[in-house]
Structures are given as C-alpha cells and as structure tokens.
Amino acid sequence: MSVSHVMHSHQAPTVIKIPTEYFIPIQDNPVQRDTVTRALKANKGKGHLRYPHPSHTMVSIALLIDESTNSETLSEDDVRQMIMDDMYEKMKLDGHTRSYLWDNEMLDKPPMLIVCVYFVDDIEQAKDFYRAYDSNKAVETGKDKLFSALRDGFGYPPKSTIWKKAGAKVAIEVAFNNNCSMPDDRLFNFHKTDIIACHVLKTIDNSTRLNIKAFTASVTAAMFISVLRDGASALTFWEKFSNAEGEFSNGKMDAIMMATTYLDEIATMGRTDFTGTRPNYILTGHGREVHSVYTPMYLSYYDAWKSEKTFAAKKKGLGYFRNRTTLTTEKFLGNKTYKEYIALMQSL
C-alpha cells in the first residue's frame, strides 16, 4: 500500500452540497452490482425507492487526485469545484440505483445532494472503498459480489442471466478452485489471478442461446471446463442441451438427449445413488460432494457428443441411463489439474 493510500484511508471525507444534476453523470464504480435490475425491483411494490425520501439526499463519491495535491489542505469550496469540474475523475461509491431512477424520471430527484467525498489516488483504491462501504452497509449479496467481480473482469456489466443463478459462484469454485469455497478477496481478484478462466467466463457471457433453467451448479461447472479446454466451439453443445435439442432416431439417443434425460432424472429423484444400475435412489451424501460425480458425468456426455456417439437401450429393461463414468475433471484436461493445465497453456 502506498503512502498516499495510507493517508487517504485515515482521512475523514469532505462533506459538501451539490446540485443533483452534477451527481447523475458521474461514472458508476467499476465493480458496481447490477444497477438496472436492483433499480426496477426497488421502484415497484413496497420497494424502498418507490417514493422520494429525505435519506435519498445523501450520497458518496470517490475523487481521484494525484500526488501533487494535498487533500488535507483542500477547502469545501475547492472540493465542490473539483466535483463539478469535468477535468477531475470521480466515481460513485453509492447512489447508483437512485441515480438511474432519477435519470430515467422514475423517481423524483431532490434539487440538492449532501455528498461525502473520499479522496483516492487510483481506480483500484476506489474499488476497495466501494467494497468496504457496501460491506459496512451489509446489503451486498453473494450474487452482487459475483456480478461486481465479473463486471470488473469483463470491463462491462455481465450480459448473460446465467450469473444470476444461485449456483453460479459454486460452479466457478468447482471448475477453477478444486470445488473449494472461494473467499471474497480471491473472487474480486479473479480476473488478475486467473486470466484464462476469466476469459472463459467472458466467452460464455457472449452466448445468447443458453437457457439458464437447465443449468445446475454441476452442469455450469462442466460447461466452464469444456470451454476452458475447447474454446467457444464447446458452447454449441451446451446451447443445444439447455434448449432440449437432443435427437432420438432408430431407437438411439444422441449425447445431448442423454444429458437432458440424465438432468431430468436427477431433478426428479433429488440426489441419486451411483452404486445401482440406474439413478433410482436418493444419495445419502450432501453438499459439494455431488459435483465430483455430476460434473464429470456431463463432461462425458459432452465428449460423447463430440465423437458423435449414440446410446442404445440396454438389455433387461435397464433403460438408457448411465450413472457412473470413469472420466474425471483431470482426465478431461489431459490428466492435469486445473492449475497444471493453466500452466501448460501459459507456456505455449
């Protein structure tokens, strides 16, 4: 941490008043959550932004200043002029949702705002201030944090609704963190520490045909791993799978239909017993352990699709179902762990 970072971390904000129209165009914080979705939710029914309230008049801003500026000597008038001057870079720390509603005339805006101005010397510190500020207010959910991390990594707000699924973060952990929980600081720095994996997520974000209803955490993790290995071409399978576009011909199922049927069976039975001939029994285990079984299974269907394999009914009425595979995530990646595979890719 630089000397200026330490100084700003201990410096109290300068409180000023500015016309609301100067606040609205200030850029959103790069790691801000899904503003539009939250705004629409907060502006209807009993939402807290349905009607104006005096508390809406207080906002916070990060003001970027260079080392030649001593923030402790700045007067309130100096800071006010800097906030209202386009030549100084600043970004919101809160008030993003209100600003969206004011700008779109969905909520009456107050004529003036009380602004707490925090001094920072780079964008990274502004991101840290936002996270600390939001954490203190205890309003950022797991989905918010994921959206924030992806927005920072992609350089734009994520477009795909798959990131709003409850298991999206778990899928990232299954695919890229050995099925272990990922702390917030690792998630927020994911685009720096796992550049290739972040590119995988960005590639998936650009798909417009994924039906998110078909994606459990295990399925999503399998998709991440397949795109890691095979690139954007892997998405064709997952788009067809999620839209139930499998085929049945001459008594045989293709791999897409097999994967769809397998998903339906799991959804019907809850968790399945993989020691029997077909998934008829509820698995006694729980939690993350199911992903080590389900994810390789979906990857096996993906590989079967690539090789154009089809599946015929087994004898004695056992059906089409498979409930086990010798494939593992490591085998799928050429007998390498995720970290080993990334190291290989980076060496090429």
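A residue is called buried under 20% relative accessible area, exposed over 50%, and partly exposed in between, with a 1.4 Å probe and protein chains only as cover; at 23% relative accessibility, Arg 229 therefore counts as partly exposed. The model is predicted, and local features need pLDDT of at least 70, side-chain atom pairs count only at pLDDT 80 or more, while totals for chains, interfaces and linings use all residues. Residues are numbered from 1 along each chain as its sequence is written, and side-chain values use heavy atoms, with hydrogens and water left out.

**Salt bridges**

- With a salt bridge taken as a side-chain nitrogen of Lys or Arg within 4 Å of a carboxyl oxygen of Asp or Glu, the count comes to 15.
- Asp 303 and Arg 229 form one of these, their closest N and O atoms being 2.8 Å apart; the pair links distant parts of the chain, as Asp 303 lies in helix α15 (residues 291-306) and Arg 229 in helix α12, 74 residues apart, where helices are DSSP runs of H or I with at least four residues and strands are runs of E with at least two, numbered from the N terminus.
- Asp 303 is partly exposed, with a relative accessible area of 25%.
- Salt bridges that share partners also join Glu 124, Lys 127, Asp 152 and Lys 192 into one network.
- Asp 184 and Lys 145 meet through their side chains in a salt bridge of 2.9 Å, N to O; because Asp 184 lies in helix α9 and Lys 145 in helix α7 (residues 142-154), the pair ties together parts that are 39 residues apart in sequence.

**The open sheet**

- Three strands form an open sheet in the order β5-β6-β7 with antiparallel pairing, two strands being paired if DSSP finds at least two bridges between them.
- The edge strands are β5 (248-249) and β7 (310-312), each of which pairs on one side only.
- Two bridges join β5 to strand β6 (residues 252-254), and Phe 248 stands opposite Met 253 in β6.

**Backbone angles**

- Most residues other than glycine have a negative phi.
- Asn 250, in the loop between β5 and β6, has a positive phi of about 55 degrees although it is not a glycine, and this residue is exposed, with a relative accessible area of 75%.
- Asn 179 likewise has a positive phi, of about 60 degrees, and is placed in the loop between α8 (168-176) and α9 (184-188).

**Cysteines**

- The structure holds zero disulfides, a disulfide being a pair of cysteine sulfur atoms within 2.5 Å.
- Cys 198 is buried at 7% relative accessible area, whereas Cys 180 is partly exposed at 37%.
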